[in-house]
Amino acid sequence: MSGVRLVEAGQAPLLARPYYASGDPGAIVAALAHVPEVLEVAMPFIATTLGASAIDERTKELVILRTSARLGCRYCTQTHTVAACDTGLSRAEIAALRGETPVDGAFANPRELALLAWTDAVAIGPGPVPPATRAALLAQFEDPEVVELTLLVAATVMLNRFCTALELPTSPKMLRRLTAEGWT
Amino acid sequence: MSSVAEAVRDGVLPGRVWLYANYHCNLACTYCLTESDPRAERRELGEQRMLTLARQAAELGFSALGVTGGEPFLLPYLPELLAKLAAILPLVCLSNGTVFTERRLERLRPLAELPAQIQVSLDRPEPEANDAMRGPENFRKVVDAIPRLVERGVRVRIATTVATVDDEERERLCRLHRRLGVPDTDHVIRPIVRRGRAVDHDLGVDAGPAELPAELTITTDGAFWSPFGPTVHGGRLDTDLLITRTTLPLRVPAAALLRLVQARPPGTDAQLNIQ
């Protein structure tokens with residue numbers, strides 16, 4: 001049971017209706033639909049930040065799943081475990097991102113290791129990121145990528161806290177996928 | 001000129017902004033959209049907020065105001081507030097017409113000199129049929145109140161809300177309102193809308209954005225498409241016609257409403273003239 005009532009299709013406000021046009025819009029939309037003017041700007045932001053962009057899909061999924069697991073967000077960790085499977089991450093990589101095994105046991109690429117260290121530091125904090133962590137990242141990524149990836153961590157934290165605080169339920173369809181893939 | 005003002009000028013957006021002054025009422029009509037009754041959650045907008053909304057409506061280019069409820073005249077400050085609002089924009093205030101004491105009627109005199117109308121509900125030309133939907137003594141109180149408003153120079157409009165009305169009954173109703181001092185041009189007949197309490201009594205027609213004029217409507221819960229939007233059913237506010245939760249600054253919901261109206265495919269603004 002979620003912390004707030006999720007808005008059903010029949011009660012979807014006018015600005016929210018496009019998100020319900022194809023069926024269940026998901027718990028995040030169904031919660032944001034309570035404030036349609038926020039939904040109207042939040043969803044394009046989320047879609048742009050977490051969706052297809054100049055950064056490749058695998059790299060983005062590393063960041064999103066790692067952040068979600070470190071923040072202890074059940075909803076996002078479950079959802080992005082499935083997304084990681086679909087993106088082609090290996091079982092060992094997913095287990096490491098979820099914090100079940102050490103990261104350096106599953107990842108050997110210095111670029112990805114630098115990114116994961118950066119992700120941990122930005123997501124958890126508190127305070128400034130260690131200079132060595134930033135230096136390792138900047139050695140692997142250009143400034144536009146650093147900006148986009150850092151915002152991706154921050155946006156994922158935003159969603160993690162939103163979903164956790166409101167106890168948004170993972171959809172039955174997603175839970176079935178998780179089980180089928182051998183995850184909880 | 002603002003985009004909202006242009007839209008009002010061009011007839012793209014209706015010019016009236018509705019303000020839900022409150023949701024509680026001394027009556028509990030069978031088809032009430034807002035499930036109003038004496039114990040309903042008041043959802044009172046408040047005097048200062050209504051004045052602010054009216055000023056911003058005028059600044060944005062809207063051309064008229066509507067005040068509705070519940071029964072707005074249960075609010076002690078309402079007669080004087082209506083005069084202040086009418087000094088900003090032409091105004092219609094809806095009422096069930098049953099709470100007009102002599103004192104309250106006297107306090108309404110200033111409206112005679114202002115662009116203001118009181119719209120009173122009267123559904124049937126005989127007491128039995130009328131009161132079956134609107135409660136005991138309703139007919140008597142309304143036909144007593146209307147001439148007393150008219151004789152003070154206050155413009156009165158009558159709204160008849162019915163599922164069906166045949167020609168003979170319509171003619172009896174018209175003879176009645178003319179006798180009370182209300183001309184034909186100030187009488188509107190509209191269908192019951194299947195929202196609120198009407199759902200439980202299986203009354204009314206379904207109405208959504210295609211049927212309802214896009215009149216910006218402000219309540220304590222947000223901004224809605226049409227005064228038929230912020231209905232209550234089973235104690236819960238309907239949000240299918242909610243536009244924004246933000247009501248101030250008014251330009252936020254006004255701009256959102258305009259976007260919605262402009263996004264409609266051509267030809268989908270056909271209406272059943274539900275007003």
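Trainee: At what angle do the axes of helix 5 and helix 6 of chain B cross?

Mentor: In this predicted model, local features need pLDDT of at least 70, side-chain atom pairs count only at pLDDT 80 or more, and totals for chains, interfaces and linings use all residues. Residues are numbered from 1 along each chain as its sequence is written, and chains are lettered from A and ligands numbered from 1 in the order in which they are written. The axes of helix 5 (residues 127–134) and helix 6 (residues 138–150) of chain B come within 8 Å; axes are lines fitted to C-alpha atoms over the stretch in contact, with angles from 0 to 180 degrees between N-to-C directions. Their crossing angle is roughly 105°.

Trainee: How is the orientation of helix 5 and helix 6 of chain B described?

Mentor: Angles of 65 to 115 degrees count as roughly perpendicular. Helix 5 of chain B and helix 6 of chain B are therefore roughly perpendicular to each other.

Trainee: Which residues of helix 6 of chain B meet helix 5?

Mentor: Contact requires C-beta atoms, placed from the backbone, within 7 Å. From helix 5 of chain B, Pro127(B), Asn130(B), Asp131(B) and Arg134(B) take part. Their partners in helix 6 of chain B are Asn138(B), Phe139(B) and Arg140(B).

Trainee: How many helices are there in chain A?

Mentor: Helices are DSSP runs of H or I with at least four residues, and strands are runs of E with at least two. Chain A has 0 strands, and its helices number 11.

Trainee: What box do the C-alpha atoms of chain A fill?

Mentor: The box is taken along the principal axes. Its dimensions are roughly 50 × 35 × 30 Å.

Key: Angles under 35 degrees count as roughly parallel, over 145 as roughly antiparallel, 65 to 115 as roughly perpendicular and the rest as oblique. Two residues are in contact if their C-beta atoms, placed from the backbone, lie within 7 Å.
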